[in-house]
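This report covers aromatic rings and helix packing. Please look over the sequence and the structure before reading on.

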Amino acid sequence: MNIYDYIDNYGIYSFKEKRFNEVDSVIFSFLSYVNYSNILDKKEKKTIHEIGRMHLGLHNETERNIIATTEANKLLKYLKDSKRYKNCIIYNYEYKTDEDYQFGAITIEYEKNQIYISYEGTDQQVSGWKENLKLSYEFPTKAQELAIKYLKKYLFSIKTIRIGGHSKGGNLALIAGMYAPKIMMHKIITMDSMDGPGILEKEFKSKRYQKILPKFTHYIPEYCLVGLILNHSNDKVVAAKNKGILTHNIAYWSIENNHLKKGKLSKISENLDQEISDWLHKYSENEKKEFVENLDNIIKRCDIETILEIETEHKKIRKIIYESKGISTKNKEIMLDIINRILKCISKSKKEEWKELIHNFLPNKNNE
């Protein structure tokens, strides 16, 4: 079943009757994508039922043309009349953005003095990845600083805190938890990253990271890409009801009873994980920075929406890179290098998937 089936089955139970679980965390992590403007200000508190009713009259499901926001709006509509979720209180809504960063967060009180802090991520389209890729050379980013500051609001209040987020929001949840004041750590019981990017090597090897690991889980779908960026651990692979980049959307994650169904990382994701790691270690911070700054322009000119389109549009991409006068020769080499790595990965994955198909379906002579 998917999250909507789960809500149908578990929505009849309160959190006292059926305790908070990882599927609830997945659902709450996505609610930060909802547009709460004109519904909540910083001082207001409203139930999911109240917000859901107001939202229907103010915002449509396809606003901002962002897949994650569209799904979150649908999810809110589905939750607003559920016994389990309708009385959960949402407050401390924050949303800030400019050309270089975007930050959003909400607090969800699902039981008295028990809260879930949900950090908003970025969309799965390639055009929204600039901030994700900045994580490969910059720390802390502006959004990470704001995430840490947001968590500190609860330094002297609230008994139990869970932190989570989807995509970039998962990275923000991890960083906020890592840099929480020591006197606050006992309040934090879980930190969940739903297919969020990892962290730089220095932070990955730090004592701060090691200390939070018992509370941290990194959920990634079988066809994972975003969650493989940078250093990551404590991975839990989730089975998905689709293939490719669409599995970044939690609506495609498979659920059994009250937990996420265990999956196996696909060949293409395994190969991408290795290629991304090699690429990140090969270039300096300045080279990666220049690459990221040029990425948006190239993608817009190529009219590409997902990473896998690179396979079909790579000739067009190469032509634009070669002809671009504003990109240095070195940066052109970096861009062509990552294109070659992705193409190599896709090709290798297809060969391995064919081998697996033949192995599974053709008679095995050794067993005859």
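How many aromatic pairs does a search of the whole structure find? The search finds 22 aromatic pairs.

## Basis

This is a predicted model, in which local features need pLDDT of at least 70 and side-chain atom pairs count only at pLDDT 80 or more, while totals for chains, interfaces and linings use all residues. Residues are numbered from 1 along each chain as its sequence is written, and side-chain values use heavy atoms, with hydrogens and water left out.

## Ring pairs

Rings of Phe, Tyr and Trp (its six-membered ring) pair if their centres lie within 6.5 Å; planes under 30 degrees apart count as stacked, over 60 as edge-to-face and the rest as tilted. Tyr119 and Tyr150 are an edge-to-face pair, because their planes are at 70°, with ring centres 6.0 Å apart. This pair links distant parts of the chain, 31 residues apart: Tyr119 is in strand E4 (residues 114–119) and Tyr150 in helix H6 (residues 142–151). Helices (H or I, at least four residues) and strands (E, at least two) are DSSP runs, numbered from the N terminus.

Buried means under 20% relative accessible area, exposed over 50%, and partly exposed in between (1.4 Å probe, protein chains only). Tyr119 is buried at 0%, and Tyr150 is buried at 1%. The rings of Phe204 and Tyr209 have planes at 35° and centres 5.1 Å apart, so this pair is tilted. Phe204 is partly exposed at 21%, whereas Tyr209 is buried at 1%.

## A cluster and two charges

Ring pairs join Phe15, Phe20, Phe28, Tyr85, Tyr110 and Tyr116 into a cluster. The charged end of Arg84 sits over the ring of Phe15, 4.2 Å from its centre. Likewise, the charged end of Lys18 sits over the ring of Tyr13, 5.0 Å from its centre. Such a charge has NZ of Lys or CZ of Arg within 6 Å of the ring centre and within 35 degrees of the ring normal.

Among the buried residues are Leu146 and Tyr150.

H6 packs against helix H7 (residues 168–178) at an angle of about 55°, with their axes 8 Å apart. In contact (heavy atoms within 4.5 Å) are Ala143, Gln144, Ala147, Ile148 and Leu151 of H6 with residues of H7 including Lys168, Asn171 and Leu172.

Conventions
Axes are lines fitted to C-alpha atoms, for helices over the stretch in contact, and angles run from 0 to 180 degrees between N-to-C directions.
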